[in-house]
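Please consult the sequence and the structure alongside the text.

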Amino acid sequence: MKLKRTNIESRLSGARTASVDETRLLEEVYEILRKDEAQEQRISENLKGGKNSRGNAFDFELLDTSKIYHLDQIRETCINYRLRFLDIRYFKGEVPREGISKIKALEKEHGIEIKGFKLMAPSRLFKLEDKDDPLLFAPIGNGYYYLIHTWGNDLHPLRKMLVWPFKNVINLAAVVVLISMLATLMVPSGLFSKSGTAAEFWIIFFFMFKSIAAVVIFYGFALGKNFNPAIWNSKYFNA
């Protein structure tokens, strides 16, 4: 069997065609990476609070309804756990890569640019004017928000109980009374007189109550503290 001779010109032409295809492939890959980088840059700008929005045009049929929350529900949780719900521009940390990836996926799925991000987190995670568990939200509209991503550590299991006194003045007064009562009971009976009478008990209790209340009031005014309902959406350190 006689072998067919190799046509060098045709092989050279084939090599050029293959080279063109590889160049085109590289250009397509570069274009995809360029668009992805531009999208991440835009998302980063939006996460810095560059663009505000009262709502985003999500496709409701594609949303996970278990992640949709009304402002009243967010407010109640913030008050119970002494958290703040503020614009993302006040956040002093970094949104993790996983969170940015979820934003990119949502934008691609819904064909929109998501703006107006908000964050629920303890006060110390914000740059307030004067890693626990941040929650990243995007507004839907009409007081509803969509939970995009949660990161960090879970809140302390006793946080709700520890911040309960700061929920309102009645709770704080009740705690002061309770502490005053316990402090009074720790005073040895008959310390100020030979016989421990009820009158002596209530005099000591009144003294304890005034002392503890004075410390609480001084602490509150000196550090600019306020009750949970007053600070949950305040951008001020001494709100």
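Leucine 162 lies in helix 4, which comprises residues 159–162; helices here are DSSP runs (H or I, at least four residues), numbered from the N terminus. The model is predicted, so local features need pLDDT of at least 70 and side-chain atom pairs count only at pLDDT 80 or more, while totals for chains, interfaces and linings use all residues. Residues are numbered from 1 along each chain as its sequence is written, and side-chain values use heavy atoms, with hydrogens and water left out.

**Surface patch**

- Leucine 162 counts as exposed because its relative accessibility is 51% (buried means under 20% relative accessible area, exposed over 50%, and partly exposed in between, with a 1.4 Å probe and protein chains only).
- Together, Leu158, Met161 and Leu162 make a nonpolar surface patch of about 310 Å² (patch residues have over 30% relative accessible area and no salt bridge, and nonpolar side chains are joined within 5 Å, like charges within 9 Å).
- A salt bridge, in that definition, is a side-chain nitrogen of Lys or Arg within 4 Å of a carboxyl oxygen of Asp or Glu.

**Helix 5**

- Helix 5 covers residues 169–185, and its 17 residues should span 24 Å at 1.5 Å a residue, which agrees with the 24 Å between its end C-alpha atoms (the expected span is 1.5 Å times one less than the number of residues).
- The N-terminal end of helix 5 is capped by asparagine 168, a side-chain oxygen of which lies 3.2 Å from the backbone nitrogen of isoleucine 170.
- Buried residues in helix 5 are Asn171, Leu172, Val176, Ser180, Ala183 and Thr184.

**Aromatic pairs**

- Eight aromatic pairs are found in a search of the whole structure (ring centres of Phe, Tyr and Trp, the last by its six-membered ring, lie within 6.5 Å; planes under 30 degrees apart are stacked, over 60 edge-to-face and the rest tilted).
- One of these is the edge-to-face pair of phenylalanine 85 and tyrosine 145, with 5.2 Å centre to centre and 90° between the planes.
- Phenylalanine 85 is buried at a relative accessible area of 3%, and tyrosine 145 is buried at 12%.
- The pair of phenylalanine 201 and tryptophan 202 is edge-to-face because the planes stand at 85°, with the ring centres 5.2 Å apart.
- Phenylalanine 201 is partly exposed, its relative accessible area being 24%.
- Tyr69, Phe85, Phe137 and Tyr145 are linked into a cluster by ring pairs.

- Asparagine 80 belongs to helix 2 (residues 71–81) and counts as buried at 14% relative accessibility.
- The side chains of asparagine 80 and lysine 167 are joined by a polar contact of 2.9 Å (a pair of N or O atoms within 3.5 Å; within protein, one must be able to donate a hydrogen and the other to accept it, and residues adjacent in sequence count only if both atoms are side-chain atoms).

Conventions
Helices (H or I, at least four residues) and strands (E, at least two) are DSSP runs, numbered from the N terminus. Accessible areas come from the Shrake-Rupley method with a 1.4 Å probe; for residues, only the protein chains shown count as cover.
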